[in-house]
Amino acid sequence: MRSFFDLNSNSEFHLPISFVGCGSATPQTIISNAELGERVDTSDEWIKSRTGIRQRRVIGANESLIDLATHAARNALKMAKWDEKTIDLIILATSTPEDLFGSAPKIQSNLGASNAAAFDLTAACSGFLFALVTASQYLISGSMKRIIVIGADQLSKWVDWDDRSTCVLFGDGAGALAIEASHENKGLIGYSLKSDGNRGGCLNLAHSNIFEDLVNEASHQRGDYLPIRMEGKEVYKFAVKEVPIILGELLEKYNIHSGSIDWLLLHQANQRILDAVAARFSIPSEKVLSNLENYGNTSAATIPLMLDEAVRDKRIKSGDLIACSGFGAGLSWGAALFYWHGSY
Ligand code: UT7
């Protein structure tokens, strides 16, 4: 007898999930490449040609990550036309919570989503995709009906602003998606997630490993982190190798030709990575979603931030097929194929 998941091994069958709303929010403060050049030895020309980034936004004195995430979630709720009391779960994908015990419950409270459970999930730049897949399990099992998935990060807190090899890359932002259980519409086709901790040293935000005396012979580890450290070339090679593999496997599994993809929606880390992946599938540049020139790499926020922008400017329409992939620290990476079903 074929299982529910075997049934999903063709493109005619969809997991019972619909993507019905999205939202995003970005900080007010904009830092241009030229401005960064006043602080570190870099240039607009180098940053633009090597990454595609022109500017990034950072959370300033009167803003917070929780505010941005709440704003993004509210916009997603509004698009989905949901009453906040009908939300069952809120998952916040972030590596930079305001509270290490979790920031999602604060967002739940801000939204007035009094019937929702809320928790944080950490998988760095793959976090949104991992959260989306996690959320989908509750919907597939039938235990929940409406979930808000948020990707929000404030890497500006953890960047060494005097290290030109990393500080030019990152920015802050938040994006959210409203997804619901639905048997009627085309929705999530399939997904795949991967991790390789052996290569985790290429990109990390590691604990400082400083021990302080406690009592007698005992010491304790201080709660403190080092700035982001990245072997850029290694991470680049990882992304241009693994993203085409994972996406290619998904397309093959569900018998979908790359020519049927309406939009390639990748984690926004480097324009050269977007171009390389698109070239592997012969996807024309008009179908490759990119906004990193304005925001840089906003970690868990890039995918929903990009999706929201393209839905609101009416590039993405209801019924469009989206091939999505996230990748980053862990190392971790993943992909999902889904139809967009929101209306705006
Ligand atoms: O979100 C997680 C996923 N992250 C990523 O996907 C990031 C992947 N990696 C990359 O996007 C690229 O590797 C970078 C954009 C980070 C770097 O580009 P690259 O072409 O790999 O440059 P590189 O690190 O090999 O550096 C080339 C040169 C070096 O100088 P020399 O040794 O050739 O003299 C660097 O010192 O560029 C220099 N350089 C810079 N110069 C001006 C490095 N950073 C800068 C800078 N401005 N900001």
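Strands β8 and β15 (residues 332–339) pair in the antiparallel sense over seven bridges. Strands are DSSP runs of E of at least two residues, and helices are runs of H or I of at least four, numbered from the N terminus. Two strands count as paired if DSSP finds at least two bridges between them. The model is predicted: local features need pLDDT of at least 70, side-chain atom pairs count only at pLDDT 80 or more, and totals for chains, interfaces and linings use all residues. Residues are numbered from 1 along each chain as its sequence is written, and side-chain values use heavy atoms, with hydrogens and water left out.

Contact here means heavy atoms within 4.5 Å. Axes are lines fitted to C-alpha atoms, for helices over the stretch in contact; angles run from 0 to 180 degrees between N-to-C directions.

Strand β1 (residues 17–25) is mostly covered, with nine of its nine residues buried. Buried denotes a relative accessible area under 20%, exposed over 50%, and partly exposed in between (1.4 Å probe, protein chains only).

S156 lies in the loop between β6 (146–154) and α7 (164–167). Its relative accessible area is 14%, so S156 is classed as buried. The S156 side chain makes a polar contact of 2.6 Å with that of D172. Such a contact is a pair of N or O atoms within 3.5 Å; within protein, one must be able to donate a hydrogen and the other to accept it, and residues adjacent in sequence count only if both atoms are side-chain atoms. Beyond neighbours within four places in sequence, S156 contacts V58, I59, W161 and D172.

Helices α8 (residues 232–253) and α9 (residues 271–280) pack at about 35 degrees, with axes 10 Å apart. The contact involves Y236, A239, V240, V243, P244 and L247 of α8, and R272, I273, A276, V277 and R280 of α9.
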